[in-house]
Amino acid sequence: MPVDFKKYIMNNWRIIILSILGIIFLFIYTWFPYQISRGENVKFPSPDGTANYFWAERYAAGKDLFYFEPLNLIADDVIVPRSVRSDNGEVKPVSFLGLILIYGWIAKIFGSWIIIYLTPLLAVIGVLFFYGVIKRVFNEKIAFVSALMFLCLAPYWYYASRSMFHNVLFIDLVLAGAWMWIYAAYNGTRIKRIKRMGANYFLPFLSGAFIGLAIITRASELIWLAPAILLAWAMYFKQIQWDKLTLFACGVFLALMPMFYYNQILYGDFLKFGYNKPVAVETQSEIVVNNIGAENIDGIATPPRSIAGLFAMTNKFIPAQINIKQAGKSFIYYYVIMFWHLFWPALFGGIWFLWNYKKQNKGHWLYFASFILVSVILVLYYGSWEIYDNPDKSSVTIGNSYTRYFLPMYIMSIPLAVLFIVKLSELLKKKYLIYGLQIVAIIAFFILNFQIAALCKEEGLLSMKNSLEEGVILGEEILPHIEPEAIIISERFDKIFWPERKVIVGNFTGKEHNLQYQKLIEYGTPLYYYGFIFPEVDMNYLNDRRLKEHNLKIEPIKLSESNRLGLYKLVKIPSGQ
């Protein structure tokens, strides 16, 4: 039977437009990854991104997710960058392994070049899954406008572009799993056609598999994902088809198997993760986690050590370690103020939803209750931490970890914001005015989010790209002065040199680290320090007291007054001095 293309386009114009815009945004999302990959080596603005790329590329090449550094047996495992750990010389990831395994496996097929572009690609696909979920929960109109706003949502855009973070991948996997479960459970006519092909049971299994992949990508998010799933099952308990639920559970378990396998190999237990080895405070360049007693790497609090630890932490976290004042401050700064153009429409949309509570069906209430539940957990759990990713603690920027930790809350609030925009526009009565207001709202939303994601002076994508290029130039200027076998000590510039050079994240203030430096120097290993130039008084203090205790001193090799950075060599004090 010939296809009526005109009818097909009329019936599917929304998904066609979204697909076209998705392709456009794919190029927008990939602008930043492309910029950072143009040099000889791919460099990232964060240690997390650097480490995740290193391990994913290594996995794609068929290598182990660890390597042996013999000098760490001498130096008590200090020869590692941030976001990496060493146990008795075995250097391993400090990360949930999902992104590394998923991207590494795909790169086995297509090549390592694809790794930095996978998050932008999956981010676009995730928006289409989001459209499908919201269309089923609300309607096509709300789903379409929500998807348009989702495409240009600043934190989603930002972390889709900074492609080696876990958060966007996690969101996309959850959306895929949710869409497959909803459509497997839906008994409408469209799905009846699929049933005849057996997909009625294939989709629940795939749904579980995608949720399982999400868990291995960020197991710490179980703190809100598990309650949200339990809430859905509780509200639809009478409609649960246990055969589908069993297939869902099988899919989850199968997807968790790689995590169990590699956790056992790398960390000695199925449910242990790379985060369980504390990092000395002196190695932290951007320190700050109060209230939970957790260690911090690059300004980001480490998740619990295991699944069991996740729930143990939850027990400890409630109520003693919830900081209502700090949580409220985080919420206000990183939602109400930074994303006011989303918060206020979502708030008024929520008020309209409650005002018309009699018109809402069970699906609406499940979505609204899930949104409130997830938001409360995220704000109380992550918001109670005091996190500074920016050395300027007064700065409130898109690059702060709150914006990626709160990402599920931002996304789930979009349909409520759209509900308000749609209901407000419908007061105008005339169709062209209704559509005109909605288009203006979407364009304004795009412009505001573009300014935050790309043009923010401190940590916007453009600023970050320029800073990264400057860092690469600095590295190229320094490396000729350093032997290939040398180790570079640095507090925050390790991401410039590793993995091309061995690095230690540290300084000269701690006796324990100075002792390790002494061991390495005595072994014959060249050691350098790279960081901000020491004033004369500080250099004298180090050479006359701190380092002299270990028979060491530092000598300037290359100083750059323009950017106040310098390279110093750590040497042994000659006998008799």
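Trainee: What do strand 2 and strand 3 form, and how many residues lie between them?

Mentor: Bear in mind that this is a predicted model. Strand 2 and strand 3 form a hairpin, with two residues between them. In the turn, asparagine 88 has a positive phi of about 55°.

Trainee: How many bridges join strand 2 to strand 3?

Mentor: Four bridges join strand 2 (residues 84–87) to strand 3, and the two strands run antiparallel. Aspartate 87 has glutamate 90 of strand 3 as its bridge partner.

Trainee: And how does strand 1 run against strand 3, parallel or antiparallel?

Mentor: Strand 1 (residues 67–68) and strand 3 (residues 90–93) run antiparallel, joined by two bridges. Tyrosine 67 stands opposite valine 91 in strand 3.

Trainee: Now the sheet with five strands: what is the order?

Mentor: The order is 7-6-8-10-9, in an open sheet with mixed pairing. Its edge strands are strand 7 (502–505) and strand 9 (552–560), each of which pairs on one side only. On average, neighbouring strands of this sheet are turned by 30° against each other, direction ignored.

Trainee: Which helix packs on that sheet?

Mentor: Helix 24 (residues 536–546) does, touching strand 9 and strand 10. The direction of helix 24 makes about 155° with that of strand 9. Strand 9 is itself joined to strand 10 (residues 565–572) by eight bridges, and these strands run antiparallel. Proline 556 stands opposite tyrosine 568 in strand 10.

Trainee: On to the helices. At what angle do helix 8 and helix 9 pack?

Mentor: Helix 8 (residues 154–161) and helix 9 (residues 167–185) pack at about 115°, with their axes 8 Å apart. They are therefore roughly perpendicular to each other. Tyr156, Tyr159 and Ala160 of helix 8 make the contact with Val168, Ile171 and Asp172 of helix 9.

Trainee: How does that contact divide by class?

Mentor: The contact of helix 8 with helix 9 has five nonpolar residues, no polar residues and one charged residue.

Trainee: What about helix 16 and helix 17: what is their angle?

Mentor: Helix 16 (residues 340–355) and helix 17 (residues 362–381) pack at an angle of about 140°, with axes 12 Å apart. The two are therefore oblique to each other, and their crossing is left-handed.

Trainee: Which residues meet there?

Mentor: Gly350, Phe353 and Leu354 in helix 16 meet His364, Trp365 and Phe368 in helix 17. This contact of helix 16 with helix 17 has four nonpolar, two polar and no charged residues.

Methods. Residues numbered from 1 in each chain as written. Predicted model: local features only at pLDDT ≥ 70, side-chain atom pairs only at ≥ 80, totals over all residues. Heavy atoms only, no water. Axes fitted to C-alpha atoms, helices over the stretch in contact; angles between N-to-C directions. Parallel < 35°, antiparallel > 145°, perpendicular 65-115°, else oblique. Contact = heavy atoms within 4.5 Å. Nonpolar A, V, L, I, M, F, W, Y, C, P; charged D, E, K, R; others polar. Pairing = 2+ DSSP bridges. Left-handed = near helix turned anticlockwise from the far one by under 90°.
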